Amino acid sequence: MSATLNIAVSAARAAGSLIIRSLNQLDALQVTTKSRNEFVTEVDRQAEVEIIRVIRKAYPDHAFLAEESGEHGTGESLWIIDPLDGTTNFLHGFPQFAVSIALQISGRLECGVVYDPMRQELFTAERGGGAQLDGRRIRVSKRTSLEEALIGTGFPYRANLDWAETYLAMLRDVMQNTAGLRRPGAAALDLAYVAAGRLDGFWEFGLAPWDIAAGTLMIREAGGRISDFEGGDGFMQSGHVVGGNPKVYAQLSRLLAPHYARGRQAASAQRATDPAPGNTAQK
Ligand code: IPD
Ligand code: CA
Ligand code: CA
């Protein structure tokens, strides 16, 4: 394991312990929804501070792009961090959340960690070095037909609600053409599950770089494919993602692409009739 991956693993484990300790406190907290929310926001923040502290100790001049504190530092080496992916699950005690950490150097993903502190499962990947679960090599599934595939997804919300109609049409189509659908609620873990062959494919709109970075490297190193809905590499910017084992990825992409094209067309028609400034039409 490279030195950078080692540091990422230490950081993820440290954040994971903090999250589990906090979950126990959360269970004991007999208080209002507001203070529970504030407590959970504080857990996100503290986990992120811990991750950055561990990494910075080893690499004082690296830069960070982290969900809670944003972008800081400059240079070619950028750590992309989601300290707690699946916050809503955590808040409800639904045991599906993770820490996600990736290192990008000169725009290329070099290593990634997704750590599930409930199951103590550690997913790792290094460019050219494959993907592992708890140190053992993982590969995407061998399933070849979409009809037999188990597909993960996430619902568009907040800024991505513009995509709701397109998404629902996709959902209907995927529902009718696959063995099953899951919405576990932690995108970084969903991608790690694709890498491990637990899911055969996945799609979602409007994810953030910290949701996707580590899982993307994992899927690629496990022999899978991941792209935007047009087969392009721009998904770190758009957040629109489809992935899977090569066969399921191809079939799922083919199923989703026409819906996406129609959604974009509708959005540009809407922009033409309503070119108001601040119109937040779909990208
Ligand atoms: C969210 C989770 C969820 C996905 C959302 C993300 P957060 O991350 O990954 O599965 O559907 O788009 O924002 O807010 O819990 O870190
Ligand atoms: Ca997230
Ligand atoms: Ca988060």
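A: Happy to. Let us begin with D82, which bridges the calcium ion (ligand 2) and the calcium ion (ligand 3), two ions lying 3.8 Å apart.

A word on the ground rules: this is a predicted model, in which local features need pLDDT of at least 70 and side-chain atom pairs count only at pLDDT 80 or more, while totals for chains, interfaces and linings use all residues. Residues are numbered from 1 along each chain as its sequence is written, chains are lettered from A and ligands numbered from 1 in the order in which they are written, and side-chain values use heavy atoms, with hydrogens and water left out.

Now to the calcium ion (ligand 2). Its protein donors are D82 (OD), D85 (OD) and D211 (OD), at 2.1 to 2.3 Å from the ion. Donors here are N, O and S atoms within 2.8 Å of the metal (3.2 Å for Na, K and Ca), and the site may look incomplete because water is not among the atoms. Along the sequence, the spacing of these donor residues reads D-x2-D-x125-D.

Buried means under 20% relative accessible area, exposed over 50%, and partly exposed in between (1.4 Å probe, protein chains only).

D85 also leads us to ligand 1. That ligand is surrounded by 14 residues, and the closest are D85, G86, T87, A187 and E204; a residue counts as near if one of its heavy atoms lies within 4 Å. An N or O atom in the side chain of D85 is 2.6 Å from an oxygen atom of ligand 1. A polar contact is a pair of N or O atoms within 3.5 Å. Taken alone, ligand 1 exposes 380 Å², of which the protein buries 87%; such areas come from the Shrake-Rupley method with a 1.4 Å probe.

Next come the charged pairs. Side chains of opposite charge can pair when their charged atoms come close. Searching the whole structure gives 9 salt bridges, each a side-chain nitrogen of Lys or Arg within 4 Å of a carboxyl oxygen of Asp or Glu. One of them joins R119 and D116, whose closest N and O atoms are 2.6 Å apart. R119 is partly exposed at 41% relative accessibility, whereas D116 is buried at 0%.

Another salt bridge pairs R220 with D233, with 3.2 Å between the closest N and O atoms. This pair links distant parts of the chain, 13 residues apart: R220 sits in helix 6 (residues 209–221), and D233 in the loop between strand 12 (225–227) and helix 7 (235–238). Helices (H or I, at least four residues) and strands (E, at least two) are DSSP runs, numbered from the N terminus. R220 is partly exposed at 38%, and D233 is exposed at 59%.

Finally, salt bridges that share partners join R108, E110 and R127 into one network. E110 lies in strand 5 (residues 108–116) and is buried, with a relative accessible area of 19%. Leaving aside neighbours within four places in sequence, E110 is in contact (heavy atoms within 4.5 Å) with residues including L103, I105, R127 and L217.

Terms used: A polar contact is a pair of N or O atoms within 3.5 Å; within protein, one must be able to donate a hydrogen and the other to accept it, and residues adjacent in sequence count only if both atoms are side-chain atoms.
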